[in-house]
Amino acid sequence: MIDWPAIARAVHVLSVVHWIGGLLFVTFVILPSLSEFEADRRLAAFDALERRFSWQARISVLLAGISGWYLFDVFGHWERIADPGFWWLYAMIVLWALFMVMLFVAEPLFLHAWFDARARHDPEGAFRIAQRGHRVLSTLALITVGGAVGGAHGLF
Ligand code: HEM
């Protein structure tokens, strides 16, 4: 018989590896390397790299959400929803919702245009905002991944 929960867990972890791994690479490798470029070249390069990753991240975020909600339901986690030891599950859902809104609503509707406009009159400031935003998201993601692996294996 096919073990659907095991398959869903594999899909979940693979999508998270791709999405969060990409986020960490942008935050801790790409952005620090770009800070050595001149301000105008730096933003153009960032834009090209980020654009290429953001459509891939959209797919991974969707797959992580579909597999995650399936696991949530199949493991009967509705019963533990009010349990504080379940904070790691809220962390996963909040982080996922944040990226869903950013990638599917804010970026296409206004975030990209706002960032471009800001970058035109204040390239240094725009780059600092991008760096800070990525650091915050990466920190939240690392806490979430650590919490989720610990939580899924009985640590809390
Ligand atoms: C809608 C969003 C999400 C839902 C509903 C969800 C749900 C779940 C569920 C139910 C599990 C299995 C828990 C168990 O074994 O009892 C799980 C595992 C896991 N999730 Fe999520 N998740 C979501 C998003 C995320 C995100 C954004 C991340 C990472 C940043 C993440 C990382 C993980 C990891 C690392 C595991 C542990 C896998 C393992 O070690 O077996 N999930 N998730």
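In which sense, left-handed or right-handed, does H3 pass H4? The crossing of H3 past H4 is left-handed. The model is predicted, and its protein chain contains four helices and zero strands.

**Overall fold**

- Read from the N terminus, the elements of the protein chain follow the order α-α-α-α.
- The C-alpha trace of the protein chain spans about 55 × 30 × 25 Å along its principal axes.
- The protein chain has 156 residues, of which 19% count as buried.
- Of the contacts in the protein chain between residues at least 6 apart in sequence, 86% join residues at least 24 apart.

**Packing of H3 with H4**

- The axes of H3 and H4 lie 10 Å apart, and the two helices pack at an angle of about 165°.
- H3 and H4 are therefore roughly antiparallel to each other, angles over 145 degrees being counted in that class.
- On the H3 side, the contact with H4 includes Trp87, Trp88, Leu89, Met92, Phe115 and Arg118.
- On the H4 side, the residues that meet H3 include Pro123, Leu140, Ile143, Thr144, Ala148 and Gly151.
- By class, the residues of this contact of H3 with H4 comprise 14 nonpolar, five polar and one charged.

**Packing of H2 with H3**

- H2 packs against H3 at an angle of about 155°, with the axes 10 Å apart.
- H2 and H3 are therefore roughly antiparallel to each other.
- The crossing of H2 past H3 is left-handed.
- Leu43, Ser54, Ala57, Arg58, Val61, Ala64, Gly65 and Gly68 of H2 meet a set of H3 residues that includes Met92, Trp96, Phe99, Met100 and Glu107.
- The residues of this contact of H2 with H3 fall into eleven nonpolar, three polar and two charged.

**Packing of H1 with H4**

- H1 and H4 pack at an angle of about 140°, and their axes are 10 Å apart.
- This angle makes H1 oblique to H4.
- H1 and H4 cross in a left-handed manner.
- From H1, the residues Val16, Ile20, Leu23, Leu24, Val26, Thr27 and Leu31 meet H4 residues, among them Ala130, His134, Arg135, Leu137 and Val145.
- Ten nonpolar, four polar and one charged residues make up the contact of H1 with H4.

**Tyrosine 90**

- Tyrosine 90 is located in helix H3.
- Tyrosine 90 counts as partly exposed because 13 C-beta neighbours lie inside 10 Å.
- Between tyrosine 90 and alanine 148 the separation is 58 residues in sequence and 9.7 Å in space, C-alpha to C-alpha.

Methods:
Residues numbered from 1 in each chain as written. Predicted model: local features only at pLDDT ≥ 70, side-chain atom pairs only at ≥ 80, totals over all residues. Axes fitted to C-alpha atoms, helices over the stretch in contact; angles between N-to-C directions. Parallel < 35°, antiparallel > 145°, perpendicular 65-115°, else oblique. Left-handed = near helix turned anticlockwise from the far one by under 90°. Contact = placed C-beta atoms within 7 Å. Nonpolar A, V, L, I, M, F, W, Y, C, P; charged D, E, K, R; others polar. Buried ≥ 20, exposed ≤ 12 C-beta atoms within 10 Å, placed from the backbone.
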